[in-house]
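We will go stop by stop, and at each one you select a few residues and look around.

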Amino acid sequence: MQDKNTYYLGIDIGGSHFAMGVVNADTMSLLTETVNRFPVDSRLSALPVLRQLISSIRQTIENFQKPIRGIGVSVPGPFDYGQGVSHIRGLNKFDSLYGVNLKLFLWAHLQDTLESIEQIAFLNDADSFVLGETYSNNLHTGKVLGVTLGTGIGSGFVVDGEVVTIDDNIPHEGNIYNLPFKGKRVEDWISTQWFLDTYFKVFGTSVDNVKQIADQAETSLKAKDIFEQYGRHLGEVMNSLSDSFKPEAIVIGGSISKSYHLFNNAFEACFAIPPSIRITKGTANAAILGAVIHLTIKQNKLNTKRKTEQYVMPMRADESKKGEGYTVYPSFEIATGTVSMGVENLVDELPKEGCILIDGYMGAYWEDFMGQLTAALQKRNVEHVTYDMASAYKDVERIEKMIEPFLGGDDPVFGKLYPGNLEDFFDADKVKSIQCSEGALNIFYGPGAALSGQNGTIVYIDIPKNEVQFRSRAGQVANLGNVMVEDKKQQYKRMYFIDWQVLNKHKQQLLKNIDFIVDGQFGNNITWCTGDTLREGLQEMTSHAFRPRPWFSPGIWGGDWMKERFGELAQDVPNYAWSFELIAPENGIVISKNGVRLEVSFDFLMFQDNQGILGEAASVFGTEFPIRFDYLDTVNGQNLSVQCHPTVPYMRENFGHNFTQDETYYILDAEPGAKVYLGFNEGVKREEFQNALEQSHSEAKPMNVEDYVQTFEANKHDLFLIPNGTVHCSGIGNLVLEISSTPYIFTFKMYDWMRMDLDGKPRPLNIARGVQNLNMECQGDRVEAEYISKPEVLQSGNDWKIIKLPTHPKHFYEIHRYEFDSEMTVSTNGQCHILNLVEGTKISVSANGRSMDVHYAETFVVPAATGSYTIKNLGSGTAKVVESNVKPEISKTGL
């Protein structure tokens, strides 16, 4: 008769042995007849230890002779249990495994047994013990507190059948060993060493272990008194924990629990009403069971990898959709090299000995990628060991202290750009503690892998910023230092001001040395190319027109103009508020070959040749791209917040940016009656405006904005000038093309129409900052005269003209509009041109023997090194292209 039960393998890793046995998941019981202990010398180098582990697993599975659905591993800390990486060092056991990813090693060697890497999970040995005892004693509901008593004291907290490590009523990560107790730590009073020290004080002689003291305690009152002291210490600690956690039961395991009868009275006397106390019959058996239970719980939980309705960019271009209008996934077809797909193909190009350094950006699905990589290497019989660079991060407390001055305190939005480097996040001693394995291909992976001190082939995994944020919202992204920030707005703040700053610098330093670049946005697949292909492709882009890859996001005020017109966009969204047409810190560029796409961040292009891109402006802006284009859509939406942006001195002092967020609103389209809020009414005083804002906020009552702020009718092709300090917002019914300097999050919202964000929470206001930065001279008649652009014709021909749209003296960029019926040729004059087809259906842009089609509302870039380019109207009627570049005088005088 066929056995329909589901079986898992449980493993308990101890300092001198591997204990393992099979668990029946249907009855959640350990099959004790399958339990076996395999000795191991934990002082050996990594490869012999790992081989012994695999050999023990295979022997157990072969003896059982039935399919195994997964492996749960109980292992002592310190350990990264989610990733399966050992952080054990300096304990005279398993030091060689420091930084090693055991999960990847198990998966690579057990592919014939397991279907996926998700069938392997790790859990702290004390947590495993408590969880196993919880199920063995039918304590599936309520709270259980457990401890293991041995060399030290391990602890675990279980609520309704699941391990809990974060809760207001338990210590940090569920650890009690380092809690303060009697002027020291708990473990200083409850440990084997305490027993040995106390015995020496009492008897003046030494013993080797606690068992010798226990044997004497059966007949010696002085020896028994040592156990009673121990019981009182344990009881006081557990009683204190019980007062806050309130467990229904306490379970006690570990080698010293065998002597519970010697300290039970002293222990239980510490409780006014003792909870149910369970003494384990076998700590290792409970841990084996608990590790499997943890795995099954984890497998039953949905693991959402990205939180968004937006599609992942297709790996291949769909030629059937070419020429149908606005393209969400534009790409630049490279002339040399190739773009390949798949980890298997990449592995064929990698060395099979020595060292590989797999560096990359935060947000990569490292486990998925490394799982495929290690599996492919194992199929090729390449012995390898993987090391997670996250194991060498500084302790969280040190990192938080280091970056705290740059996080803006309680400010919900703003911090200050961190000026340091990625090296700042790593502990040099920990890096040195990672011991390469002889006779194996050593693979270091994770952000900063190239900082490992090893020489080897460099693979870099890049992730688009939109994907980083989608994954962040799904809880899949840790900040540098392996810190998970629950509040995703706070996580974004830390990414923007800290993580992205150092990762971008690191990327710049690596670019010339990258051997292979990987696009990691595709989930279970990748595209990749050689570093030479990337660098040659980037260089090619510096002398041709190209489109950055835009990305889109809904918002509380969003409209439906883009949703209705951009056919490749996901439609299952409430609206689209933004399109990041070109915001260089967040956009990517896509290269392709034979339709296979690979996206890298826009800054790679700047790092490759900022002079070719920016021309004369490179001397002022370096590798920062200075101008951004983005859409704000309020058609059938809502008003934006009433806002302003910081002055240049305020920006530099408070946020660390060299230039500020000077904006313009170019009205690409507008509904009848649409308007823009801009500047103050005549006579408005700073104090009265601030008082009105604060009263509205404190009393949660609407404010009549038009009592203070002027409104102007918005029509197609109007340009509203919004230098720093200008009060403004777009009203309902506009499709605004924002042409602005690159900084993009420094918006001081002062009034938000009494509404919640899409997550149901109030959008943060910055009334004090906003009012402090307001330009109160922008009021009355000056607003229309100085802050609404007055177009003027600069040049014209038979069927073309160049119109200047004057910007404010505070703006470092200028704006033109090219209007033509057939075609016209434009010179870059040593400047980078950023353009958008604001009227017409389609044009072509030709330069240096290459042509690119541009559809209505698409943004494109012509680098300075292009020299000149021809734009040709491919539709009916007059085509209109708006263009912006750095003012030539800025390149000579600076900001």
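Select Thr134 first. Leaving out residues up to four places away in sequence, Thr134 touches Leu139, His140, Val144 and Val158. Touching, or contact, means heavy atoms within 4.5 Å. Thr134 belongs to helix H3, residues 125–136. Helices (H or I, at least four residues) and strands (E, at least two) are DSSP runs, numbered from the N terminus. Thr134 is buried, at 0% relative accessibility. Buried means under 20% relative accessible area, exposed over 50%, and partly exposed in between (1.4 Å probe, protein chains only).

A word on what you are viewing: this is a predicted model, where local features need pLDDT of at least 70, side-chain atom pairs count only at pLDDT 80 or more, and totals for chains, interfaces and linings use all residues. Residues are numbered from 1 along each chain as its sequence is written, and side-chain values use heavy atoms, with hydrogens and water left out.

**Stop: a threonine in H11**

Select Thr374. Thr374 sits in helix H11, residues 366–379. Is Thr374 buried or exposed? Thr374 is buried, at 1% relative accessibility. Now show its contacts. Beyond neighbours within four places in sequence, Thr374 is in contact with Leu104, Trp107, Ala108, His384 and Thr386. Thr374 and Val385 are eleven residues apart along the chain, and their C-alpha atoms are separated by 8.8 Å.

**Stop: a cis bond**

Go to Gly77 and Pro78. The peptide bond from Gly77 to Pro78 is cis, with omega near 0°. Pro78 is in the loop between strand S4 (71–75) and strand S5 (79–80).

**Stop: two crossing helices**

Select residues 531–541 and residues 602–614. These are helix H16 and helix H18. Two packed helices are described by the angle between their axes and the distance between the axes. The axes of H16 and H18 come within 9 Å and cross at roughly 80°. Axes are lines fitted to C-alpha atoms, for helices over the stretch in contact, and angles run from 0 to 180 degrees between N-to-C directions. H16 is therefore roughly perpendicular to H18. Angles of 65 to 115 degrees count as roughly perpendicular, under 35 as roughly parallel, over 145 as roughly antiparallel, and the rest as oblique.

Which residues make the contact? From H16 come Arg535, Leu538, Gln539 and Met541. From H18 come Phe604, Leu605, Gln608 and Asp609. The contact residues divide into four nonpolar, two polar and two charged. Ala, Val, Leu, Ile, Met, Phe, Trp, Tyr, Cys and Pro count as nonpolar, Asp, Glu, Lys and Arg as charged, and the others, Gly among them, as polar.

Select helix H20, residues 648–655. Tyr650, Met651 and Phe655 of H20 are buried. They lie on the same side of H20, because they cover an arc of only 100° around the axis. The arc is that of the directions from the helix axis to the C-beta atoms. Turn to the other side of H20, where Pro649 and Glu653 are exposed.

What do the buried residues of H20 pack against? Their partners are helix H15 (488–510), strand S35 (748–751) and helix H22 (767–773). Step past the end: H20 is followed by Gly656, with a positive phi near 85°.

**Stop: two loop residues**

Asn636 is not a glycine, yet its phi is positive, about 60°. Asn636 lies in the loop between strands S27 (627–633) and S28 (642–644), and is exposed, at 57% relative accessible area. Ala700 also has a positive phi, near 55°. Find Ala700 in the loop between helix H21 (686–699) and strand S31 (709–713). Ala700 is exposed, at 54%.

Select Leu737 in strand S34, residues 734–741. Leu737 is buried, with a relative accessible area of 0%. Its contacts beyond four places in sequence include Phe629, Tyr665, Asn836 and Val882.

Next, select Asn885 in strand S45, residues 879–886. Asn885 is buried at 4% relative accessibility. Among its contacts beyond four places in sequence are Ile627, Tyr813 and Cys832.

**Last stop: the cysteines**

Cys832 is buried too, at 4%. Now select Cys436, which is partly exposed at 33%. How many disulfides does the structure hold? It holds zero. A disulfide is a pair of cysteine sulfur atoms within 2.5 Å. The closest cysteine sulfur to that of Cys436 is in Cys355, 5.5 Å away, too far for a bond.
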